[in-house]
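Have the structure open as you read.

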Number of protein chains: 2
Amino acid sequence: MTSSLLHVPPPQRLLQPLAMPERLMLGPGPSNVPPRILAASGRQLLGHMHPEMLQVMDEIKAGIQYAFQTQNQLTLAISGTGHCAMEAALLNLLEQGDTVLVAINGIWGQRAAEIARRLGANVRELLKPPGDYFTLQDIEEGLAQQKPSVLFITHGESSTGVLQPLEGLGNLCHRYGCLLLVDAVASLGGAPIFMDQQEIDVLYSGSQKVLNVPPGSAPISFSQRAREKMLRRKTKPQSFYLDMGWLANYWGCDGKPRRYHHTAPTNSFFSLREGLAMLAELGLESSWERHRASCAQLCQGLRDMGLELFVKEEKARLPTITTVRVPEGYDWKEITAFLMDNYGIEIAGGLGPSAGKVLRIGLMGCNSTSENVTRVLRALREALRHCPRCRL
Amino acid sequence: MTSSLLHVPPPQRLLQPLAMPERLMLGPGPSNVPPRILAASGRQLLGHMHPEMLQVMDEIKAGIQYAFQTQNQLTLAISGTGHCAMEAALLNLLEQGDTVLVAINGIWGQRAAEIARRLGANVRELLKPPGDYFTLQDIEEGLAQQKPSVLFITHGESSTGVLQPLEGLGNLCHRYGCLLLVDAVASLGGAPIFMDQQEIDVLYSGSQKVLNVPPGSAPISFSQRAREKMLRRKTKPQSFYLDMGWLANYWGCDGKPRRYHHTAPTNSFFSLREGLAMLAELGLESSWERHRASCAQLCQGLRDMGLELFVKEEKARLPTITTVRVPEGYDWKEITAFLMDNYGIEIAGGLGPSAGKVLRIGLMGCNSTSENVTRVLRALREALRHCPRCRL
């Protein structure tokens, strides 16, 4: 197969068939993908400017408006994963020298601060220990002190399992002349959020959590206030791929004829469309209730096993991802490996500030069922029985 | 289905099933996706850090090394489309104030210049009319005058149908202390390229052309020289998502334990792995020969119809995308619409500097067959017979 021209031969392992085991994905995401969404992901594609594709994009837009509870015209999906949407939000909102206040109580605030620094923004940090959330008073002190033009906060802190209350936050920010940017990657569809009523200016999420869509696209929406800040920019955003002016046009959000910008990830959009359709069919309130109920059942089961939940207040627990302290004397890696090897179940250890301290159990979208709670609790009970326990 | 809490009802059109027509995609991409790759795209996923997923990534890396003919350790796929790889290449190589020489003979040079300007680089343009390519002498004059640290050039100019000769270019750049950055989005697998022998420092491509993979991931590779320039950076790249230091670690290119960086687009990687596997099975030389033969058959057929090829020199014609002048008196939109409406065949008009001037016919990967050449020529003949011809 090789010949004189080629110095690098065809790799042998690539000539073997692709094989993947079946797993129950109860970590912080990605979650399992239902057959209907997988079928969409495996459809023959069309051109990125074909009318049928533009219609799929219009339907995605309508689906995001429903999931976000917003009527914002500037609503679309980023051609990248949730992380890419975080960058898109920050780089379109911020110019060099803008002050951004980042609420940090887990890894996502840390990441947002890192990205904003790379963009040349003046980054101020508002800190809380992992497991805590921010009160309106915490935020107001930060706003009064730092006078930021943008506040970044995480609705569902997947590294700590904290659900940040959002009530009153938008209004508070606006009284201080600040825009509110919210990360809802881990919470969307699992906990109530009302972009318009809560006066959120920029909201983004991911596809691979409650929506049960393979990672690769990310919903995002901008309020009129956010659009106005972007229109006032003196400099272009550092990225062309994520420039919201171009993306708004490609997504038909600016009323002008659509121009070619980049080749969209067609199959990611097919599957995102189906994930949003399934959420619309189920209904947001049913989805919220499903996640609430599964999480309550899981928390009760964990407590019954004598385990300690990482987030103290019930109302501050993220319904999609539950964090539980690693029981004393155990190595978290032994526990997650036991579940994987013996039950084909993924749960995760901590991440960033929660690394080594917690186990994280995700129940997202179609995975958020009473049956799965029973399965993971049984597996965890067996793990605690069989894993070596060292005296510390 | 709505209730008092929700102000935005579920969108009705999202509740209809997703339906897509069958089309023969003979535009500049995306091209049709074979069933085996669609099946991979529709597979149940795994976690982005599961060992099986890391193995898929290792196989992708080996597949790219084969397709690029390189032994570069820093070889991986970007979690975005080809455009995103262009940004990744530029933003990792360039720091504010670096001089980059951009060879512009079509839209891709224009885009690269636009991106580099946003990054704060000192952008110098080397211009040629659309349809022309750059000689070694053209380049040498630019290098001598501008003293850039990076030269950007497009191997396959999909907007004009030009194949840029690369022989001697890497060596020339290195004699001037300049790195060579090559865009091979439209050419990879369709025309010979030898990254190591041709001394290319950064090479990237897309998935949706010859590889017949849905858009959403993009192969990229960096030479040792390019790595050294990145290691000498004084500032961090403006993007975290595309930071090659982090990506190198996630892809196992730096010899250190892999850390979580972002959630990879698992299903895009499954399909990219299959596209690379099919190329390895066919063999690069067979793939190059297939594209050469189909393109030659198409060009002959177009000339036999009395049409004029846009690229004069045969050796400068891109084997994957053929540009032909819009015959006098016709509106290109009428022709492409006729093929779409009557034959379900996509061909495209021009783009950027070739807009309005040419028709573009793509024969890429599995679409590059003698049968498809016959189909598109027959459809085009009918179009010229039936489309209204206005006297200009």
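Across the interface of chain B and chain A, the rule turns up 6 salt bridges. This is a predicted model, so treat the pairs as features of that prediction.

Which elements of chain B give two or more residues to the side that touches chain A? They are helix 1 (35-41), helix 2 (51-68), helix 3 (82-93), helix 4 (107-118), helix 9 (266-282) and helix 10 (284-304). Helix 9 of chain B hands over the largest share, 11 residues. Sort that side of chain B by residue type and you find 47 nonpolar, 34 polar and 18 charged.

Now for the extent of the interface. Here 99 residues of chain B are in contact with 99 residues of chain A. The two chains bury about 8,400 Å² between them, with 60% of it on carbon and sulfur atoms. In chain B, the residues losing the most area to chain A are Leu14(B), Leu18(B) and Arg118(B), which together make up 10% of what that side buries.

Finally, look at the largest nonpolar core, which has 206 residues. Ile78(A) and Ile78(B) touch the most other members of it. Setting aside neighbours within four places in sequence, Ile78(B) has contacts that include Cys84(B), Ala88(B), Ile220(B), Leu242(B), Met244(B) and Phe269(B).

Terms used. Residues numbered from 1 in each chain as written. Chains lettered and ligands numbered in written order. Predicted model: local features only at pLDDT ≥ 70, side-chain atom pairs only at ≥ 80, totals over all residues. Heavy atoms only, no water. Contact = heavy atoms within 4.5 Å. Buried area = accessible area lost by both parts, 1.4 Å probe. Salt bridge = Lys/Arg side-chain N within 4 Å of Asp/Glu carboxyl O. Helix = DSSP H or I, 4+ residues; strand = E, 2+ residues; numbered from the N terminus. Nonpolar A, V, L, I, M, F, W, Y, C, P; charged D, E, K, R; others polar. Core = buried A, V, L, I, M, F, W, Y, C linked by side-chain atoms within 4.5 Å. Buried < 20%, exposed > 50% of the residue type's maximum accessible area, 1.4 Å probe, protein only.
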